[in-house]
Amino acid sequence: MSHSNPPSPKRFTSGSALTGRVRVPGDKSISHRSIMLGALAAGETRVTGLLEGEDVLATAAAMRAMGASVERGDDGVWSVHGVGVGSLLQPQQALDMGNSGTSTRLLMGVVASHPITAMFTGDASLSKRPMGRVIDPLSQMGATFEASPGGTLPLMLRGISPAVPITYRLPVASAQVKSAVLLAGLNTAGVTTVIEPVPTRDHSERMLRGFGAQLEVGEEDGARVIRMHGEADLTPQDIVVPGDPSSAAFFVVAALLVPGSDLVIENVGLNPTRAALFDVLRDMGGRIEELDRREVGGEPVADLRVRHSVLTGIEVDPAVVPAMVDEFPVLFVAAALAQGTTTTSGLDELRVKESDRLTAMANALTLAGAKVEEREDGLVIEGSAGDPLPGTPEDAEVTTHLDHRIAMAMAVAGVASRYGIAVDDTAPIATSFPTFEALLASARSA
Ligand SMILES: O=C(O)C1=C[C@@H](OP(=O)(O)O)[C@@H](O)[C@H](O)C1
Ligand SMILES: C=C(OP(=O)(O)O)C(=O)O
């Protein structure tokens with residue numbers, strides 16, 4: 001896990017354009033859910049294209065600790081032998097969630113309605129992140145918690161069976177909270193309802209249905225309403241995981257920014273609840289073409305052809321935030337090289353990710369020579385009109401705060417800079433995109 005890895009500093013410098021073709025690894029959100037739902041289905045689920053990043057491996061280890069078998073075959077296909085809803089075993093040791101908020105919050109939902117007790121631990125970044133947002137609804141369902149002060153990890157969760165079905169209106173737009181409640185609803189007799197005023201990524205709904213759960217999605221008074229009927233029996237599935245748009249984002253922005261680039265990124269998931277970054281970049285003038293639109297594993301997918309473009313700053317509509325919540329760090333990099341001003345708002349949630357991504361990106365980009373104003377809920381960036389940012393001074397490096405997306409965003413800024421950008425630690429990149437540096441090198445030498 002990244003929290004035990006020694007820091008791995010690296011300087012990212014300018015050089016060749018990005019050309020040829022790259023294929024990004026599997027979607028992190030879908031990979032987590034494949035393993036969790038596979039472990040809750042009685043029988044064998046097979047997963048092709050699973051993201052083998054540290055976050056997903058933390059989910060796999062946790063499901064093994066609760067009785068499932070989760071193994072990688074020689075052909076790279078993962079096999080999950082599930083125990084069935086209601087039959088998870090008591091883990092004998094703490095569940096080490098590493099750096100992964102998704103593993104932690106979704107698994108708290110899974111454990112909450114099983115008659116087992118689990119201790120959740122994580123690295124220094126995860127241990128600062130708010131868990132009250134899942135503790136609240138899961139407590140209403142009957143689970144009990146002993147959390148660290150402020151509702152953080154390490155945390156002990158005592159699940160309960162039978163749990164109480166609830167109707168829960170999400171106070172914050174979070175797919176993790178929505179999913180935690182729905183997963184708790186799997187082993188809860190009756191109807192568990194989540195009301196979502198602002199739609200968030202819908203992978204849990206799609207996949208729960210795919211595994212045979214009875215789940216209804218409707219709209220009432222402008223809100224999405226999801227009803228989960230428990231107790232559910234899940235049927236094992238063959239899953240193909242599409243490429244992760246959140247990983248593709250770094251290559252899209254790098255190709256837009258580096259002169260001479262013409263890159264195809266294959267197999268990019270384009271679920272509308274995830275893909276807003278590409279629309280925003282097109283609105284800024286980015287040349288991003290979809291090739292061969294198709295379906296992979298029930299999700300829309302295309303290859304993206306991206307060419308170097310002159311970008312213009314815009315005001316980003318806060319309504320798109322949930323559909324690109326993880327993509328703002330790299331959007332800020334694009335904005336720093338655009339012509340004119342880019343204004344973002346409604347980004348309070350960015351302050352409680354792996355790091356405070358508003359402050360981390362404001363500091364990192366400023367150190368690299370960009371003009372950035374930090375506001376309470378967003379950044380305002382005055383672009384350089386296509387001039388490369390100077391880069392970090394000789395004796396300074398940007399601080400990534402155990403945040404993979406800050407590291408990758410600033411790597412992209414580095415390849416589009418004049419003198420290079422030094423990043424203090426690239427080790428966290430392995431949480432979501434272990435092949436990032438190798439793929440970047442391959443695109444620059446194609
Ligand atoms: O459900 C998921 O898989 C995720 C939901 C988002 O978090 P929030 O639910 O906290 O917004 C996102 O930032 C995270 O990377 C993955
Ligand atoms: C926020 C992220 O992940 P998580 O919440 O799972 O740590 C992310 O991958 O950017």
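What follows is a walk through this structure, from its domains to its ligands and a few backbone details.

This is a predicted model, in which local features need pLDDT of at least 70 and side-chain atom pairs count only at pLDDT 80 or more, while totals for chains, interfaces and linings use all residues. Residues are numbered from 1 along each chain as its sequence is written, with chains lettered from A and ligands numbered from 1 in the order in which they are written.

Let's start with the overall layout. The protein chain is assigned domain 1 (2–26 + 242–444) and domain 2 (28–232), with bounds that come from an automatic or database domain assignment. Their C-alpha centres sit 28 Å apart. Where the two touch, 23 residues of domain 1 meet 26 residues of domain 2; contact here takes C-beta atoms, placed from the backbone, that lie within 7 Å of each other. On the domain 1 side, that contact has 8 nonpolar, 11 polar and 4 charged residues. In this scheme Ala, Val, Leu, Ile, Met, Phe, Trp, Tyr, Cys and Pro count as nonpolar, Asp, Glu, Lys and Arg as charged, and the others, Gly among them, as polar.

Now for the ligands. Around ligand 1 you'll find S29, T102, S174, A175, Q176, S179, R201, V325, D326 and E349, where being near a molecule takes a C-beta atom, placed from the backbone, within 6 Å of it. Helix α5 (residues 175–186) gives the most to this shell, with 3 residues. Helices (H or I, at least four residues) and strands (E, at least two) are DSSP runs, numbered from the N terminus. The ligand 1 shell has 2 nonpolar, 5 polar and 3 charged residues, and domain 1 and domain 2 each supply at least three of its residues.

Ligand 2 has D55, S100, G101, T102, D326, K353, E354, R405 and S432 around it. By class that's no nonpolar, 4 polar and 5 charged residues. Here too, at least three residues come from each of domain 1 and domain 2.

D326 turns up in the shell of ligand 1 and again in that of ligand 2, so let's look at D326 itself. An unreviewed UniProt entry places the feature "active site" at D326; UniProt positions are given in the numbering used here, feature names are shortened, and annotations may be inferred rather than shown by experiment. D326 lies in the loop between β17 (299–307) and α9 (328–337). It counts as buried because it has 23 C-beta neighbours inside 10 Å. The cut-offs, with C-beta atoms placed from the backbone, are 20 or more other C-beta atoms within 10 Å for buried, 12 or fewer for exposed, and partly exposed in between. Leaving out residues up to four places away in sequence, D326 touches S246 and R405.

The buried residues of α9 pack against α7 (245–257), α8 (276–283), β18 (341–343), α10 (357–367), β20 (378–382) and α11 (404–415).

V333 is a handy example from α9. V333 is buried, with 31 other C-beta atoms within 10 Å. It touches V253, A409, V412 and A413, again setting aside residues up to four places away in sequence. V333 and A254 are 79 residues apart in sequence, yet their C-alpha atoms are 9.2 Å apart in space.

As for α7, 13 of its 13 residues are buried. At 1.5 Å a residue, times one less than the number of residues, the 13 residues of α7 should span 18 Å, and the end C-alpha atoms are 18 Å apart, which agrees.

Finally, some backbone details. L153 and P154 are joined by a cis peptide bond, with omega about -5°, and P154 is in strand β9 (residues 152–158). The peptide bond from G230 to E231 is also cis, with omega near -5°; E231 is in the loop between β13 (223–230) and β14 (238–240).

Two residues other than glycine have a positive phi: D221, near 50°, and D292, near 55°. D221 is in the loop between β12 (214–220) and β13, and is exposed, with 7 other C-beta atoms within 10 Å. D292 lies in strand β16 (residues 287–296) and is exposed with 9.
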